Amino acid sequence: MTRPEEPSRPGENFEPYEEMRQIPIGVIMFAVALALWGGVLLYQSSYAVAVGRADETVLSPQSEQGLGLTGAKLFEANCTTCHQPGGEGVEFAIPPLDKSPFLAGGPEIAASILLRGIDGPIRVGDETFDGHMPSFASALDNAEIARLATYLQARFAGRKQAISGERVAALRREIADAGPFAGGQEIAARFDSSLSPQPEVKPLAGGMGISSGILELVNQGRGEVWSCSSCHGDRGQGADTVPRLAGLPADYIAKQLLDYTEGRRRNENMELVARSLSETEREGLGRYYASMRAASTARPSLGGNLERGRELVLSGDWSIGVPSCTSCHGPSAFGVTPGFPGLAAQHPSYTASQLAAWVSGERDNSRQKMMNVIANALNDRDRAAVADYLATLPPVPAPATTADEVKR
């Protein structure tokens with residue numbers, strides 16, 4: 001009888017394994033059903049969240065019925081820099097909004113001003129303000145202007161008469177090429193004669209009552225020294241890395257010219273010009289440009305984060321030891337005479353270059369040494385953000401300067 005063969009033993013490198021067995025059909029069906037159930041629950045949940053958010057946007061009193069930023073938020077983002085959070089304005093420079101006759105006249109006036117801006121004197125109460133309010137036609141759409149105008153009228157004039165986005169669109173078409181209002185007189189003539197009497201529109205300051213010698217320096221230069229306007233523009237508006245001078249404090253301009261003369265501030269071109277000037281001429285040029293009004297030609301150009309710039313300019317950042325720009329340079333960055341220049345509407349390339357000069361030590365002509373510390377605390381991104389944001393602000397208004405004051 002033959003013995004059955006014994007099974008062969010596995011080699012020493014053999015790895016045990018278990019043959020694949022089919023998954024029971026019941027388990028597969030249960031897994032598919034579970035996946036489908038989970039998908040339905042996920043869809044229902046996301047739909048419910050979306051509906052809830054939509055309902056919150058439409059029904060919330062803070063949402064202006066889902067149309068975007070509220071009138072209050074639009075006011076905070078676009079108006080408080082100049083008119084201040086309480087609408088109190090800035091003495092001698094920015095008119096208050098509280099009880100303003102221009103708001104009491106109805107939301108169409110406010111909407112039209114937002115669309116066109118103002119470049120001329122207006123009277124609010126017993127004070128006359130002569131400045132430049134920019135147009136918001138490109139910054140805000142029709143619905144936003146409607147909400148902002150309605151909010152301004154309700155808050156500061158106590159009237160709850162609304163204006164629609166459709167009406168703002170019609171106004172936009174009507175006044176598209178009209179340019180800024182030439183002061184309160186034009187606004188009163190167009191909308192409401194009860195806004196009068198408004199101040200007479202006078203020629204722009206900057207040449208009235210200035211001595212012929214100062215005008216010659218500005219427009220023709222002298223000998224081998226070129227004119228001021230050849231670089232700084234015919235109205236002191238500046239360009240790119242050449243600073244805007246219009247509206248800067250007279251004493252500040254005179255000090256910078258003296259610093260160029262005595263080597264405390266360095267720039268080859270300005271040193272040549274400044275050394276040709278007498279003390280009287282430095283002071284005369286300071287008064288000339290301080291009395292000048294010119295529309296802003298500055299635009300954000302450095303790719304800076306405007307929201308970060310706004311934070312630094314208006315609030316500062318104490319986590320890096322930086323106070324707000326406005327704490328020294330005044331409300332709306334209009335400057336504080338004599339030591340703190342206006343920064344509003346300054347060209348971003350110039351502002352950034354000066355911040356960099358404070359960092360490197362190339363510029364070091366401030367007795368307080370504050371800018372040395374502040375500029376060093378800002379990184380490159382922050383400097384670009386501040387410079388770009390300042391370029392979005394309206395220019396410094398011209399002070400009420402008489403011919404006798406300019407001549408002295």
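By class, four nonpolar, two polar and one charged residues line the second largest cavity; Ala, Val, Leu, Ile, Met, Phe, Trp, Tyr, Cys and Pro count as nonpolar, Asp, Glu, Lys and Arg as charged, and the others, Gly among them, as polar. The model is predicted, with local features needing pLDDT of at least 70, side-chain atom pairs counting only at pLDDT 80 or more, and totals for chains, interfaces and linings using all residues. Residues are numbered from 1 along each chain as its sequence is written, and side-chain values use heavy atoms, without hydrogens and water.

To view this cavity, select R244, A246, L248, G342, A344, Q346 and V396. A cavity is a set of points, on a 1 Å grid over the protein atoms alone, where a 1.4 Å probe fits but cannot get out, and lining residues have an atom within 4 Å of a point. Its volume, the space filled by probe spheres set on the points, is about 30 Å³. Domain 2 (207–295 + 399–407) and domain 3 (306–391) each supply at least three residues of this lining; the bounds come from an automatic or database domain assignment.

Next, select L217, G221, R222, V225, W226, C228, V273, S276, L277 and L285, which line the largest cavity. That cavity has a volume of about 70 Å³, and its lining has seven nonpolar, two polar and one charged residues.

Finally, select I214, L215, L217 and V218 of helix 9, which meet E281, G284, L285, Y288 and Y289 of helix 13 (contact means heavy atoms within 4.5 Å). Seven nonpolar, one polar and one charged residues form this contact.

Conventions. Helix = DSSP H or I, 4+ residues; strand = E, 2+ residues; numbered from the N terminus. 1 Å grid on protein atoms, 1.4 Å probe; cavity = no way out; pocket = protein on both sides within 12 Å on 5 of 7 lines; lining within 4 Å.
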